[in-house]
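Have the viewer open as you read.

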Amino acid sequence: MLERIPSIRKAPDEEYYVPGHRTCAGCGPALAYRLTAKAAGPNTIFIGPTGCMYVANTSYGCGPWRVPWIHAQITNGGAVASGIEAAFKVLARKKKYQGEIPHVIVFAGDGGAVDIGLQALSGMLYRGHDVLFICYDNESYANTGIQTSPTTPYGAWTTFTPAGPAVPEGKKLFPKDNPKVVAHGHPELKYLATASIGWPVDLMNKVRKGLNAEGPAYLHIQAPCPKGWQFPPNKTIEMAKLAVQTGMFQLYEYENGEYKLSVKMEERKPVAEYLKLQKRFAHLQPEHIEKLQAFVDARCAEVGITVPAVASAR
Amino acid sequence: MGKVRRISGCVAAANAVKLADVDVICSYPIRPYTGIMSELARMVADGELDAEFIHGEGEHAQLSVVYGASAAGARTFTGSSGVGVTYAFEVYSPISGERLPVQMAIGDRTLDPPGDFGSEHTDAECCRDQGWIQGWASTQQEVLDMHLIYYRVGEDPRVMLPQFVCQDGYYITHILGEVDIPDPSQVKEFLPPYKNHHVLDPKNPMIIGAQIEPAMGPPLQYQRYQAMQAVGQVLREAHEEFARIFGRRYDPFLEEYLTEDAEVVIFGQGAHMVTAKAVAARLRNLGEKVGVVRLRTFRPFPTEEIRRRMSRFKAIGVLDNSVNFGISCNGGVLLSELRAALYDFGDKVKTVGFVAGLGGEVVTHDEFYRMFRKIQEIAKTGKVEQTAYWLPFEL
Amino acid sequence: MSTGSNLFAEPGLQQITVWARGVVMNKDARDIVVALAEAAAREGKYVQAWENYVDLPDRVYVPVRAYARISTDPIESKYIYENETPDIIILVEETLVKGVPVLRGLRKGGVLVVNTRRSPEEILSFLGDTGNLETLVTVDASSLSTAVTTLSGAEGATDATGIGAGIAAPLAGAVVKATGIVSLENLAAVVKNPEAMRRGYELARVTRLETKGAAQEVAVSAGELLKQLPFAGTVPSPVSENEGMVTGNWRMQRPVLDQEACTSCDTCWIYCPDSCITRTDEGPTFNLKYCKGCGICEEVCPSGAISLVPELNFKD
Ligand SMILES: Cc1ncc(C[n+]2csc(CCOP(=O)(O)OP(=O)(O)O)c2C)c(N)n1
Ligand code: SF4
Ligand code: SF4
Ligand code: SF4
Ligand SMILES: [Mg+2]
């Protein structure tokens, strides 16, 4: 059992995601990786589907993990993890493996979890493999140079949804809500939560809860991407916090059919305060922002965030 | 000696998997290989085999599951047919590239269209250059034996490559044949336990499958090439050992039938070669110098063996039971590759292709008869007027 | 059976290599090579401009390269995808002189153009052995224009924002001053900000140096790489740091601690994406071998105890 981490001060010193990786300066997903590895500890195996957290981390012929790591295709993180988990189970049973059964964690991007990798994720959850599947959500196909994915927000500029006179808002669709896709159709699922790199202790504890659960767990981590969202790299944490404070991203655990909110919100900031700091939204017109605000209000209500959006005084 | 039973190719394959004490199996249903998995599921349910039996959500998942399991140190098994084989295509190269000796049974089936369950080698042949050892059996006994031999060869430290064991759908998968099922103790002697070189283990952490710079491309690919190059010798040794322990001897590369003084032969692989042999025998009764050469190992293609042993014939007809639209010489892969292997003997030995049995249709005795006649004609005239014939339309 | 290099020599060919920082400046790097190539094409030259594929996908602050080739004759080395022996090297940002092997392969009589407000002497002090370098050009291009950050035009697509609106223009102007590789008029015709280009030309400070000559580097052969290659390329995990990707030279600004102000709250420590902060009783220490200078630690510190200082203010 991995114990609860009470505070930043009490978080373990040991790093299992060490310095030396080609991720962007200020990369949100890299921080998510570091916190995940720290929480999971030494008895862990990572599966890395193709995406920034594969390509940037393993350039070239090396990698920053102190625990075993194996590449998976962008398509098949869940299936590869299923095989690894099953192997340890049977090898231990047949006395071909001596030792503690390791934690198995898939660390997939939104493409590798929500889009092309969704089938493998769903299969893994359905079959009940004891694996923690983490989606680090940087809200685009980032490694290929920032293209829209199903989690890219409405109105975001990507290289596949550029704004132009014929398509003034850039991306026209609203994002797929993968935690909800996962939550409602997988009877073997043992733990489901969302997390943010803006709340590192909460994130690490959710990793631990997911690993402690005997069976499949899904953790959806929002991780801002300075390259793709087009903000300066020192603003990564601010962006993560604003996403939650505006309700663009909601932090919760889902247990027994109920959403348990992870941060208490006294007030909610309007999405405009978040959008204006990111160049990917620079082209939006007031009507687009209104449309997005209405969408966010509805999603917040769904999980029980009832405070209205109010512009802050400053 | 084990006991002789009359079983299908599917059940033969399942018995091999059980004898190999496989740890992780991943299934997905598609005719005609499905029976292998049903039989294994039964064995697991009845407690005859201790393995994780995972229902993949598709063939892509099947290959992905065994990729992970093999990297974690398990002996693995999967299988498929037809469009299932091609659906998994992405994962073949990662498996051979990470040098994971997983094994896959193929019960051949056409790709769609035609919507058809019949056998064609097109499915497995599509994957021919992905770094997998591939061979076709022609009897139910050979299916069982080939599965065991391929585990041993694939897991040899000099090789460490995945394997396809192919059997023609329906013909072998579904028809019963006499199979001598070996004793587990014999298998134990023949097949050492699977040992992965770079297993996933937190006590000895490794990074598997990192990105590289282009400069590392040539050496990495060359290393995989060298592994494939090593297969021939390891196959030879394995067949020797197999003959010693089980008393059944196969030529690892080419089965020659009535070839001793043959002037012309039919070359091909899989179930239909059984019919070809029967036709050759009848022609021998008429005093004609005809024979059959059956390819047993398709990958690596036994170029040297073919050059050494087949350049002595006057003419060779090549049966391709697959579609290869637009391929050189209008035949199939076997024709192209055989022609390429024998290129330097071009004046001495003539080759001609036959495409037959598509969609799983029978290749009849009469069709083989016509093929032999065509080859004989070429041997006599020394002229190849058409590089390949599609049966029954063109011959 | 290798042929001598002279057989393939292209005497009329000039190689131009631009170094920049990923994402925030790679558009400007691309603009410099495109602008010079377009201007040379107007003069009837054979040209080629492209980005270094191995440096892509670019990451924020990673050193990246863009290349141009300008030749009096058809370019036969078109698909040799790196400029192995540049004649002209341009640094879009000054800290690239520190810890990045920018002069590698430079040909005899080579030219280096640096965007900096610092003196040539100061820049030279960071370069160490200047080998074949004959001309150093310094120009404060950043004071004449601002870098354009855009994803448009990446991955071989069309750049919708135009060429030479940012600091590319004054830097290209400085190149012309030192080399005359194209005429100022032709360059002015292709950049969006010809005014900044002319100012770059005027302000560029040209320093002639004595060339010292450089030892020829011998690349590791493929055969040697094959011998060194572990099974399937699988490598052991690092023990404490990944020596295969040292990122300290990405840093343009260095975090510095004001110990007095620090309350040892560990906030900076928990948020560093690069695991570059160690917490001690005296507050955080920074692992400068890997710190990319992202500035998150400064930004999250509740007590204002960390400040970011330009990297070239430090000799180490
Ligand atoms: C089957 C397949 N299709 C496309 C790609 C190209 N590809 C490489 S990385 C990548 C982006 C992955 O996006 P995501 O999973 O969100 O991770 P990120 O790069 O954003 O971290 C894509 C599409 C691929 N590797 N494999
Ligand atoms: S593009 Fe985004 S996710 Fe990828 S390395 Fe850069 S910041 Fe990280
Ligand atoms: S600037 Fe600060 S947060 Fe960024 S890498 Fe350096 S130490 Fe870490
Ligand atoms: S965040 Fe600031 S106060 Fe806290 S430990 Fe770091 S430097 Fe000290
Ligand atoms: Mg993504």
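A residue is near a molecule when one of its heavy atoms lies within 4 Å of it. Before we use that, some bookkeeping: this is a predicted model, where local features need pLDDT of at least 70 and side-chain atom pairs count only at pLDDT 80 or more, while totals for chains, interfaces and linings use all residues. Residues are numbered from 1 along each chain as its sequence is written, chains are lettered from A and ligands numbered from 1 in the order in which they are written, and side-chain values use heavy atoms, with hydrogens and water left out.

Start at ligand 1. It has 17 residues around it, and those that come nearest are Gly111(A), Gly112(A), Tyr136(A), Ser140(A) and Asn143(A). Chains A and B both supply residues to the surroundings of ligand 1, so the site is shared between chains. Helix H4 of chain A (residues 110-114) gives the largest share of the shell, three residues; helices here are DSSP runs of H or I with at least four residues, strands are E runs of at least two, and both are numbered from the N terminus.

Now for the polar contacts, meaning pairs of N or O atoms within 3.5 Å. A backbone N or O atom of Gly111(A) sits 2.8 Å from an oxygen atom of ligand 1, and for Gly112(A) the corresponding backbone distance is 2.9 Å. A polar side-chain atom of Asp110(A) lies 3.1 Å from an oxygen atom of the ligand. The protein covers 76% of the 580 Å² of accessible area that ligand 1 has on its own (Shrake-Rupley method, 1.4 Å probe).

Asp110(A) turns up again at the magnesium ion (ligand 5), which is coordinated by Asp110(A) through OD, Asn138(A) through OD1 and Ser140(A) through O, at 2.0 to 2.2 Å. Donors are N, O and S atoms within 2.8 Å of the metal (3.2 Å for Na, K and Ca), and water is not among the atoms, so sites may look incomplete. Along the chain, the donors follow the spacing D-x27-N-x1-S. Asp110(A) in helix H4 and Ser140(A), in the loop between strand S4 (132-137) and helix H6 (178-183) of chain A, are 30 residues apart and link distant parts of the chain. Both Asp110(A) and Ser140(A) are buried, that is, under 20% relative accessible area.

Over in chain B, Arg294(B) lies in strand S12 (residues 290-295). Arg294(B) is buried too, with a relative accessible area of 3%. Its side chain makes a polar contact with the side chain of Ser138(B) at 3.4 Å.

Conventions: Polar contact = N/O pair within 3.5 Å; in protein donor to acceptor, adjacent residues only side chain to side chain. Buried < 20%, exposed > 50% of the residue type's maximum accessible area, 1.4 Å probe, protein only.
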